[in-house]
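Thanks for coming. I'll go through some side-chain contacts first, then a helix and a strand pair.

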Amino acid sequence: MDIALSAVASELASRFVSFLISKCRDQACLNKKKNLESLRRLLLRVHTVVEEAEGRYITSSRMLVQLKMLTEAMYQGYDVLDTYGPLEQIRARMEVSGSDTINFSAVRRFSSSTVSKEVQTALEKLEAATGKIAEFIALLTGCERMFRSPYSCYIYIDNFMFGRQVERQHVINILMQDNYPLKVPTVLPIIGGCRVGKKTLAWSVCSDERIRSRFSSIIHVNGCDIQKIDHGRFSNVRSLIIVEVQSDLDDKEWYKFHSLLLTLTGAGSKLVILSRLEKLARFGTVNLVRINSFTQEEYSYLFKVLSFGSSDPVDHPQLALIGKELATMMKGSLVHLNVYSSMLRNNLNVQFWIRVLKLYRSVMEANLSISGEHPRALLDRGNTVDITAFSPSSSSSRLMLLVGGKQSSMPGELPRMTFGDIIAGSVVLPVRFELVWESRLPPYTVISATCVAEKPEHSASPRKKRRRLGTSM
């Protein structure tokens, strides 16, 4: 009898513990879903405010700092939502179907407790950033609206400058100020790394209605030409001169050029220096505007927007996770982002996206193995990149990318191809060709590089080795 009672008690205790664990799991799952939904609603509210701010002229530096903080918190929130939202959708489908065929590293990597903690943290950060959003909105209503044509709104999804609104406002505010003294041109340095969008920012500023109304002439000058300046390009009116500088300048040459502009341009003219070189900031008469690479959160969000286009990522949770992983591997390269997002947008197929992910991983690992560096770092420095894995048709030879910078080859010099051509494997690759990418945004920078198919150096065959051994014996 005692043995029977003990067995019954043990069974009841076991069932009670299982019930408690199940209840706690259900409660945790419910809290997680509630937090995800709260995060989604708060992001919608914040994004509305940010978009409204981007459409107004903000002259207050403190408001720009607050906008920057709000934008950073928003993209951090999107990063968490874009990771765990699709993850929960996939898990829910797996539970309903009882299948575990969906096998992404993101699904395996995160536990339920990790998801809940990350979502809760993102929610708290976003709530903290929106603590004084009511005052910000009230001040925003007093800011002048920007002019936007219907056409620029129509192409907003695909051809727009992303993530530089605060820097753009800083530049516009400086250019709209009067010079002191009035006749001496103000010099504004815009400094940033390789291919971070300096020229795109300058074009966007020059296209602004207020800037075009203020300056009668906008002139672009190559830094290499300041010694042999064409006087005929300048007139005695208020002018905005954009100087793109690739290498360091001699102080005497620069100040001679600056003094020359006093006689060639009108009062109130301004100079903008675009360069990667920090040392050129010494020529500035105002504080420099620094253009940094996108944060990983901003980069991932932009990759998602461009990759899905008009499609909703919520309808494609598997693709959303693949895209997130691919964006992480790209290390912030804007060229890679534009090339791959365009390809992926045209084919919303899981198997195709997985194939592209594997190809990129293979190229990345091959270059890390050979040189110890990521392809982006090699490209930025103009080094050779091994892209053999991109082309299934080049298995018998190594496909090397020889970066030559921004250039425009003479027609007919080399066959021209895109990344889509070589990844699709639909064309026979010549021994030597030009790989070309053109920016969708003005000034429509064309980046080209020469690709060469190199035959690998094969060692002697085993039969020949045996013969050599036989003759030597």
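Let me start with Arg210, which lies over the face of Tyr57, 4.4 Å from the ring centre; a charge sits over a ring if NZ of Lys or CZ of Arg is within 6 Å of the ring centre and within 35 degrees of the ring normal. This is a predicted model, where local features need pLDDT of at least 70 and side-chain atom pairs count only at pLDDT 80 or more, while totals for chains, interfaces and linings use all residues. Residues are numbered from 1 along each chain as its sequence is written, and side-chain values use heavy atoms, with hydrogens and water left out.

Next, the aromatic rings. Rings of Phe, Tyr and Trp (its six-membered ring) pair if their centres lie within 6.5 Å; planes under 30 degrees apart count as stacked, over 60 as edge-to-face and the rest as tilted. By this rule the count is 10 aromatic pairs. Phe162 and Phe294 make an edge-to-face pair, with 5.4 Å from centre to centre and 70° between the planes. Phe162 is in the loop between α6 and α7 and Phe294 in the loop between β5 and α11, so this pair ties together parts 132 residues apart in sequence. Helices here (H or I, at least four residues) and strands (E, at least two) are DSSP runs, numbered from the N terminus. Both Phe162 and Phe294 are buried, buried meaning under 20% relative accessible area, exposed over 50% and partly exposed in between, with a 1.4 Å probe and protein chains only. Ring pairs also link Tyr75, Tyr78, Phe162, Phe294 and Tyr301 into a cluster.

Now helix α14, residues 350-371. Its buried residues include Phe352, Trp353, Val356 and Tyr360. Seen down the helix axis, the buried residues of α14 fall within an arc of 160°, taken from the directions from the axis to the C-beta atoms, so they line one face of the helix. The face turned away from that side carries the exposed residues Gln351, Lys358 and Ser369. At the N-terminal end, Asn349 caps α14, with a side-chain oxygen 2.9 Å from the backbone nitrogen of Gln351. Just after the helix, Gly372 takes a positive phi of about 75°.

Val221 stands opposite Val243 in β3.

Note on methods. Polar contact = N/O pair within 3.5 Å; in protein donor to acceptor, adjacent residues only side chain to side chain. Pairing = 2+ DSSP bridges.
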